[in-house]
Amino acid sequence: MNSLETRNLNKAFGKLVVADNVSLALPQGARHALIGPNGAGKTTLINLITGALRPDTGSVQLNGEDITSLLPDARVKRGLGRTFQINTLFPQLTPLESATMAICERDALSGHWLSPLAKHGAAIDEAYDLLGRVGLADAATKPTRDLAYGQQRLLEIALALASSPKVLLLDEPAAGVPKSESAALFEVIAGLPEDISVLFIEHDMNLVFSFATSITVLVQGAILTEGPPDQIAHDPQVREIYLGGAHHG
Amino acid sequence: MDPKSWIRAKARISPYEAIFWIAAAVIPFVFFENYLSLAASVAVTALFCISLDMILGYAGIISLGHAAFFGIGAYTAGILSARGWGEPISGLLLAAAVTAAVGYIVSFMIVRVQHLALLMITLGLSFLLAELAISFDQFTGGSDGLQGIDTWKLLGIWKFSLWGHTAYAYALATLFVLFLLARRIVHSPFGLTLEAIRENPVRTTALGAPNHAHLRKIFTIAAAFAGVAGALLAQISETVSPEALGFQRSAEIAVMLILGGTGRLYGAILGAIIFMIARDQISGFYLQYWYFWIGLILILVVLFLPRGILGGLERLARLGRRA
């Protein structure tokens with residue numbers, strides 16, 4: 001059984017087709033990259049999987065369950081986590097509070113309105129451990145808005161991990177990270193738990209070719225080709241459209 | 001670092017808080033006996049302002065019609081008393097129950113919209129209720145206000161006198177109990193989730209949070225708080241007029257909260273104290289200029305103290321410690 005599967009997903013905005021019969025399958029523990037030129041429909045596909053968008057036709061399966069009709073938060077509760085291309089954090093909260101909130105939500109504690117947060121020590125400890133694992137222990141009690149950009153990218157991943165996903169969607173995790181901070185980020189991505197299936201969109205080809213064990217190339221909403229990294233790297237069609245093209249931003 | 005003690009420290013009761021509440025309980029009785037009625041209405045307003053802080057400051061729900069719940073609470077307690085049951089505490093409880101029920105129903109509409117639409121819906125709600133209060137005059141007394149409220153002795157012992165000793169003690173005690181409850185709520189896992197929703201609802205959804213359910217819950221709780229504040233005013237002043245749920249009251253409470261500082265509970269209390277006392281003092285000789293001054297102060301605070309007067313004081317204290 002695949003961790004994540006999309007079956008013949010179609011989505012159009014008027015005449016603009018953004019997903020054209022997209023079928024993807026991620027076995028458990030997959031490291032699957034989704035690449036393609038700008039406007040290929042990569043983020044749209046992520047949004048169809050998370051439920052931010054509804055497909056016109058087709059379905060999304062999570063661990064064998066059809067989740068096409070579920071709301072986004074219900075999909076998260078079933079083990080679908082994601083990060084965002086543009087930092088989507090809680091600027092005034094600290095990383096410790098942010099991760100604790102995520103864990104409380106996962107453990108169905110977020111409705112507790114009369115018990116002090118400090119009483120939920122296990123959630124707080126787990127949040128702090130998690131931040132430590134991505135190298136944010138020292139920044140745990142600073143307001144998120146005061147964190148360096150690279151640290152905020154790490155917090156993006158930490159928050160997604162806090163909800164204990166079985167499938168993790170990383171939307172350009174390295175976007176905008178300066179060279180000096182990218183090593184820490186690469187290390188965290190390399191160290192993601194093996195049993196989590198990861199689907200990631202990335203423009204940084206170093207990241208794609210060092211972590212992906214399979215790659216899907218998306219062009220104009222449709223799958224152009226799919227395969228292991230060396231096959232994709234040598235595919236003349238891919239080189240023409242994407243890798244060898246003058247522009248891939 | 002122990003992360004648990006850091007979280008615990010954020011919720012710890014500081015000595016300043018103890019001093020504040022002792023002062024609030026002693027100073028008016030000892031030094032300002034002639035102003036006890038004013039002190040009682042400050043306490044009522046502070047409670048109402050805390051209610052707005054819970055939705056605006058913590059959950060990020062903007063409302064220009066929060067007086068709707070204040071007014072419903074006031075009419076509930078007032079009508080109950082005018083119809084023959086003047087026991088104050090049960091009046092508060094009934095007002096809380098009624099406003100919570102109305103708040104819960106309204107919350108389904110509130111959580112669907114944001115920004116301008118939210119302002120318009122809350123504003124529309126308060127207009128609508130103010131008109132209803134005027135038209136159902138056989139219950140509400142119409143635009144003349146509700147007459148015939150008779151508040152019984154508090155706990156069967158203390159009479160509500162003209163001097164306001166009982167009134168202030170009653171209002172302050174109610175404020176204190178509900179403040180403790182509000183404080184507990186904002187420092188709970190639920191309170192943290194509300195702040196996260198205020199900061200970024202897209203992210204809380206991506207973490208599995210049912211934003212709407214959380215927001216409906218705090219809106220209902222805050223409506224009950226506002227209802228109790230309204231009921232207190234009805235019982236203490238023994239009258240209710242349609243102004244209780246009017247736009248002006250909604251706007252003023254928002255001004256007080258922004259002056260004091262949002263998202264910290266004490267900002268709500270401080271804003272209410274400053275606004276009410278300043279109005280009492282200034283309007284004594286310059287009634288017509290009152291809004292001039294409040295307008296000026298509001299602009300200055302928003303421009304130079306974006307986190308309110310209390311936020312500004314906190315920054316000053318931090319700078320002082322560093323120097």
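**Helix packing, a pocket and the chain interface**

Modeller: Helix α5 of chain B, residues 88-110, packs with α11(B) at an angle of about 145°, and their axes lie 7 Å apart. The model is predicted.

Colleague: Is the crossing of α5(B) and α11(B) left-handed or right-handed?

Modeller: Two packed helices are described by the angle between their axes and the distance between the axes. The handedness is a further item. For α5(B) passing α11(B), the crossing is right-handed.

Colleague: How many residues of the contact of α5(B) with α11(B) are nonpolar?

Modeller: Sort the contact residues by class. Seven are polar and one is charged. The nonpolar ones number 15.

Colleague: Which helix gives the largest share of the lining of the second largest pocket?

Modeller: That pocket holds about 530 Å³ of space. Its lining has 23 residues, and among those nearest the centre are Glu243(B), Arg249(B) and Arg279(B). Helices α3, α4, α11, α12 and α13 of chain B each supply at least two lining residues. The largest share, six residues, comes from α12(B).

Colleague: How many residues in the lining of the second largest pocket are charged?

Modeller: By class, 12 lining residues are nonpolar and seven are polar. The charged ones number four.

Colleague: Which residues of chain A lose the most area to chain B?

Modeller: In this interface, 40 residues of chain A touch 35 of chain B. The area buried between the chains is about 3400 Å², with 67% from carbon and sulfur atoms. Three residues together give 18% of what the chain A side buries: Met101(A), Trp113(A) and Leu117(A).

Methods
Residues numbered from 1 in each chain as written. Chains lettered and ligands numbered in written order. Predicted model: local features only at pLDDT ≥ 70, side-chain atom pairs only at ≥ 80, totals over all residues. Heavy atoms only, no water. 1 Å grid on protein atoms, 1.4 Å probe; cavity = no way out; pocket = protein on both sides within 12 Å on 5 of 7 lines; lining within 4 Å. Points joined across faces, edges and corners; volume = space filled by probe spheres on them. Helix = DSSP H or I, 4+ residues; strand = E, 2+ residues; numbered from the N terminus. Nonpolar A, V, L, I, M, F, W, Y, C, P; charged D, E, K, R; others polar. Axes fitted to C-alpha atoms, helices over the stretch in contact; angles between N-to-C directions. Left-handed = near helix turned anticlockwise from the far one by under 90°. Contact = heavy atoms within 4.5 Å. Buried area = accessible area lost by both parts, 1.4 Å probe.
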